[in-house]
Amino acid sequence: MLPADALLLHIGQYIRVSEPLRTALLERVQAASYNKGELLHDARRVCIRSDFIQRGLVRLYYQHDGEKITEYFSAEGEWVNSPNSLVKQTPDIYYLEALEPTQTLSLHMRDLGYLFDNFPEMERYARLSMGSVFGHLMDRITSLRFTSAREKYDHFCRTHHDILHRLPLGMVASYLGITQETLSRIRAAR
């Protein structure tokens, strides 16, 4: 499989990728590599690109009272960026950190704009793919607000079963909004 094949397959799940779109996309993506612990995005900067993860694992987090609070995990076949910063072109609170060696295909904001302006099907792709992300976030909000710690963890295991074994327990606890001790008790009782 060529480096951009996974990206084209991903986009192809939502829209038909015409040859002109394929060519324009491949001319604009740039390969990037990150070491474990390296930041893909620093909250003190404006997010100017979106990265499609080919291999690896990334977390979105913010800092509060000296703690890193995990908000989201992204793995192979997913886009990652700091959405508010990317759209508003202002710094925000979120950092993106590689949790393991990570390879991405990166699209600069100006290139995304070009693709949206010149290929209406890309706007359709963005709308449809963001719909699935929005659904996931709504499930997360519901889980955080209305479920017990055990139910939160069970939901996490169902929705993140493919990456659970790759995540440090402290980050999972942070994501769930519970202490690591509580998570350890829940896991021991399973």
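**Close-ups of a predicted model**

**View 1. F73, F156 and Y175 gather into one aromatic cluster.** This is a predicted model, so local features need pLDDT of at least 70 and side-chain atom pairs count only at pLDDT 80 or more, while totals for chains, interfaces and linings use all residues. Residues are numbered from 1 along each chain as its sequence is written, and side-chain values use heavy atoms, with hydrogens and water left out. Searching the whole structure turns up seven aromatic pairs (Phe, Tyr and Trp rings, six-membered for Trp, with centres within 6.5 Å; planes under 30 degrees apart are stacked, over 60 edge-to-face, the rest tilted). F73 and F156 sit edge-to-face, 6.2 Å centre to centre with 65° between the planes. F73 belongs to strand β5 (residues 67-75) and F156 to helix α6 (residues 149-159), so their pair ties together parts 83 residues apart in sequence.

**View 2. Helix α4 (residues 109-118) meets helix α5 (residues 120-146).** Their axes come within 4 Å and cross at roughly 110° (lines fitted to C-alpha atoms over the stretch in contact; angles run from 0 to 180 degrees between N-to-C directions). That makes α4 roughly perpendicular to α5 (65 to 115 degrees). L115, F116 and N118 of α4 touch P120, M122, E123 and A126 of α5 (heavy atoms within 4.5 Å).

**View 3. An open sheet runs β1-β8-β3-β6, with antiparallel pairing.** Pairing takes at least two DSSP bridges; β3 (residues 49-55) and β8 (residues 102-108) share six.

Notes:
Helices (H or I, at least four residues) and strands (E, at least two) are DSSP runs, numbered from the N terminus. Angles under 35 degrees count as roughly parallel, over 145 as roughly antiparallel, 65 to 115 as roughly perpendicular and the rest as oblique.
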